[in-house]
Amino acid sequence: MRWFWVDRFVEFKSGVSATSIKNVSLAEEHLHDHFPGFAVMPGSLILEGLAQTGGILLGEKNNFDHIVVLAKVPKIKYHSYACPGDQLRYHTELVESSHEGGRVACTAHVGERLVAEAEIIFAHLDSMDESMSQSIDQKNFVFEMGLMSILDVDAISQAVNSDS
Amino acid sequence: MSSEEEILSKVQETLIDALGVDDDEVSPEATLVGDLGAESIDFLDIVFRLEKTFDVKIPRGELFPEGLAAADSGFIEDGVVTAAGLDELRTRIPHADIDKLAADPKVENIQDLFTVEMMCKFMSNKLASK
């Protein structure tokens with residue numbers, strides 16, 4: 001399993017907002033334990049999906065020059081559940097961004113139903129601590145390594161859908 | 001409401017939101033780290049919020065300078081801030097009460113320079129020069 005908690009980006013406005021979707025599936029092992037007889041996506045993983053969406057939004061603004069890490073979640077409120085078969089729609093807006101990091105405001109919806117809303121602060125690890133920028137090879141970090149391939153899914157989807 | 005009171009109230013509001021503290025904890029003398037439990041990452045959050053609330057740009061290190069107690073700064077000897085170090089602090093954070101630190105210049109007291117009052121002074125200067 002890979003640590004991808006969004007399936008596809010559906011809208012990307014550079015430096016402004018990003019929207020992604022996550023299809024919840026009963027194939028995900030943890031749903032059988034969370035909880036027995038009441039399969040709902042863990043709130044922490046919804047937050048992770050929001051952070052991946054917002055983190056890419058911030059990273060892209062700076063051409064992925066910085067190592068973006070989730071630093072703080074000042075606000076998270078869960079209003080409802082997402083269960084197998086649901087499609088979560090993660091919408092993130094870049095509220096602040098500076099050399100040191102950024103802040104996004106985000107929501108998770110299933111259809112019209114609000115599932116969660118959050119505020120997430122990211123730090124640029126290389127700006128916060130210079131020793132980090134030397135010890136971490138940017139090319140091996142999450143954006144370069146794998147997470148960015150989420151953006152490719154969009155291209156595949158467009159190609160597949162335009163054939164039909 | 002005078003502008004000083006208004007600044008204090010906005011700074012208090014910012015800290016209540018950023019640190020999840022109660023309003024009665026955010027007295028002007030309260031230290032951010034010692035009394036209000038702020039951690040390094042909270043300073044980034046606080047700066048973002050102040051910029052938004054007061055509609056100003058706060059360049060990095062202006063409100064909360066970094067690396068003050070770095071071993072290679074040359075301003076620390078035997079765990080105590082030197083006279084040159086105190087002068088440096090007066091220049092870099094004129095909004096902080098350096099005299100109070102000078103009375104007991106232990107390195108671990110540097111973080112106590114960051115108080116609610118210090119933030120208010122900074123914002124007041126910042127708004128005056130806007």
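Here are legends for a few close-ups of this predicted model.

**View 1. Where chain A meets chain B.** Here 18 residues of chain A touch 11 residues of chain B. Together the two chains bury about 1,200 Å², with carbon and sulfur atoms giving 57% of that. On the chain A side, A:Lys72, A:Glu96 and A:Glu100 do a lot of the work: they supply 42% of the area chain A buries against chain B, more than any other three residues.

**View 2. Polar links across the interface.** The rule picks out four salt bridges between chain A and chain B, and one pair to look for is B:Arg49 with A:Glu119, at 3.1 Å from N to O. There are also four residue pairs in polar contact across this interface. As for what chain A puts up against chain B, strand 6 of chain A brings the largest share, four residues. Sorted by class, that side has seven nonpolar, six polar and five charged residues.

**View 3. A loop-to-loop salt bridge, A:Glu100 with B:Arg60.** These side chains pair at 3.8 Å, N to O. A:Glu100 sits in the loop between strand 4 and strand 5 of chain A, and B:Arg60 in the loop between helix 2 and strand 1 of chain B, so the pair joins two chains. A:Glu100 is buried at 15% relative accessible area, while B:Arg60 is partly exposed at 37%.

**View 4. Salt bridges within a chain.** In chain A, A:Glu28 and A:Lys22 pair at 2.8 Å, N to O, and both are buried. In chain B, B:Lys106 and B:Asp104 meet at 3.4 Å, N to O. B:Lys106 counts as partly exposed at 35%, and B:Asp104 is partly exposed at 35% too.

Methods: Residues numbered from 1 in each chain as written. Chains lettered and ligands numbered in written order. Predicted model: local features only at pLDDT ≥ 70, side-chain atom pairs only at ≥ 80, totals over all residues. Heavy atoms only, no water. Contact = heavy atoms within 4.5 Å. Buried area = accessible area lost by both parts, 1.4 Å probe. Polar contact = N/O pair within 3.5 Å; in protein donor to acceptor, adjacent residues only side chain to side chain. Nonpolar A, V, L, I, M, F, W, Y, C, P; charged D, E, K, R; others polar. Buried < 20%, exposed > 50% of the residue type's maximum accessible area, 1.4 Å probe, protein only.
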